[in-house]
Amino acid sequence: MAASCTLTVPAPFAASFSSTSSARRSRRFGVVAMASVGQKVYAPGVAVSEGNGGLPKISLKSPKGSEAEIYLFGGCVTSWKVPSGKDLLFVRPDAVFNSQKPISGGIPHCFPQFGPGAIQQHGFARNVNWSISDSEVTEGDPAVTLKLKDDSYSRSMWDFSFHALYKVVLHSTSLSTTLTITNTDDKPFSFSSALHTYFSASIAGVSVKGLKGSKTLNKDPDPKNPLEGKEEREEVTFPGFVDCVYLGAPSELTLDNGLGDKIVISNTNWSDAVLWNPHLQMEACYKDFVCVENAKIETVQLGPKESWVAEQKLELI
C-alpha cells in the first residue's frame, strides 16, 4: 500500500514545570524538535512509544487513574481504561498491526466515505499514518491532537485537498474527541464519516437506550437494499445479527454493555448513529463486543476553506 511519508517517532521527552500561583491551568506543547538530543516535547501525561507491530503509539495517562492508547496508523484509539483498570473499548482478536490494513477495533475512522462506495470500504483515513500536531494538559487532563492531510495515495482515489484534525482528551471517567475537516482545495467536495466505536461487551446483556422514534435503515437481510422503518423500542437489544443505521438520531444514547457498566454516548454534529454486531459471521468474538457508532451518513458539503466539526464524548456513569 502506498502511504504517507514514513513517520519516525523518537523517545518522548518528559516535560516538567514549576508550580506557582500564576501557573496557567492549561498548558500547550507543540511537538517541538530538540535538535541536540533528537527528542520531542509532549505535555505531561502524553507519551509516545513503540506499540504492537512496532507501530508508533500515543499513551495518555491521567493523574486520576484513567488511561488511553492511540495508534498513529489510522489515528485509532485502541484502549480507554477507567480508574478501576477496566478497558471499555474492544480490539478484535483478528486485528493486525502491520500498516497494511486498518486496525480492527477501538475507534476507527470512516472518512471520506462510510461503508462501501466509490473508494475503499469506509474510506482511507483508517488506513494511513496520521501525525501529532499538538499536545496539552488542562487541570490534569491530557490531550493530543492528530492531523491528516491529502497526499498522492488519498488523491489517487479521492482527488481533493483537505486537512483533518482529531483531538482526543482523557478525563477521569470520560473520553472526548473532536474531529475537524477543512476543505483546503479550490473546489467543493462532499464526504460522509463515522467513528466506528467497538465497546467491550457481553452481547446477551447489551442494550442501547435513546433511539426510539428514529428513522431506521436496516441492512438485515440485504445490506444493498436496506429496509426503511422507525425504531419503536425503548431499548435496542442484540439477539442476533444487527446492522442498522439510525438517521436523525438523538445527541445522547446510553449503552449498557452487559458487563455492569453504563456508558453515555453524547455528540455534537454527528447527526446519525449505527448499531452493529456480526453475530455468527464472527463466531470467535461476537459475544465480546458491540459497535455503537456516531456517524454522518448523509453527505456533508464543504466549499473551499470551509470546515466541519463534530464532537463525541464517552462517559462512564
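## Lysine 167 and glutamate 136

Lysine 167 is partly exposed at 27% relative accessibility (buried means under 20% relative accessible area, exposed over 50%, and partly exposed in between, with a 1.4 Å probe and protein chains only). Its side chain meets that of glutamate 136 in a salt bridge, 3.2 Å from N to O (a side-chain nitrogen of Lys or Arg within 4 Å of a carboxyl oxygen of Asp or Glu). Lysine 167 belongs to strand 12 (residues 162-170) and glutamate 136 to strand 10 (residues 131-138), so the pair ties together parts that are 31 residues apart in sequence. Strands (E, at least two residues) are DSSP runs, as are helices (H or I, at least four), and they are numbered from the N terminus. Glutamate 136 is buried, with a relative accessible area of 7%.

## Basis of the model

This is a predicted model, in which local features need pLDDT of at least 70 and side-chain atom pairs count only at pLDDT 80 or more, while totals for chains, interfaces and linings use all residues. Residues are numbered from 1 along each chain as its sequence is written, and side-chain values use heavy atoms, with hydrogens and water left out.

## Other salt bridges

The whole structure contains 13 salt bridges. In one of them, the side chains of lysine 86 and aspartate 261 meet at 2.6 Å, N to O. This pair links distant parts of the chain, 175 residues apart: lysine 86 is in the loop between strand 8 (76-81) and strand 9 (109-110), and aspartate 261 is in the loop between strand 21 (252-256) and strand 22 (262-268). Lysine 86 is partly exposed, at 30% relative accessible area, whereas aspartate 261 is buried, at 10%.

Lysine 215 and glutamate 228 form a salt bridge through their side chains at 3.9 Å, N to O. Lysine 215 is in strand 17 (residues 215-218) and glutamate 228 in strand 18 (residues 227-230), 13 residues apart. Glutamate 228 is exposed at 60% relative accessibility, and lysine 215 is partly exposed at 39%.

## Surroundings of leucine 302

Leucine 302 lies in strand 24 (residues 289-302) and is buried, with 4% relative accessibility. Apart from neighbours within four places in sequence, leucine 302 is in contact with Ile181, Asn183, Pro188, Phe189, Phe191, Ser307 and Trp308 (contact means heavy atoms within 4.5 Å). For phenylalanine 189, the C-alpha to C-alpha distance to leucine 302 is 5.6 Å, across 113 residues in sequence.
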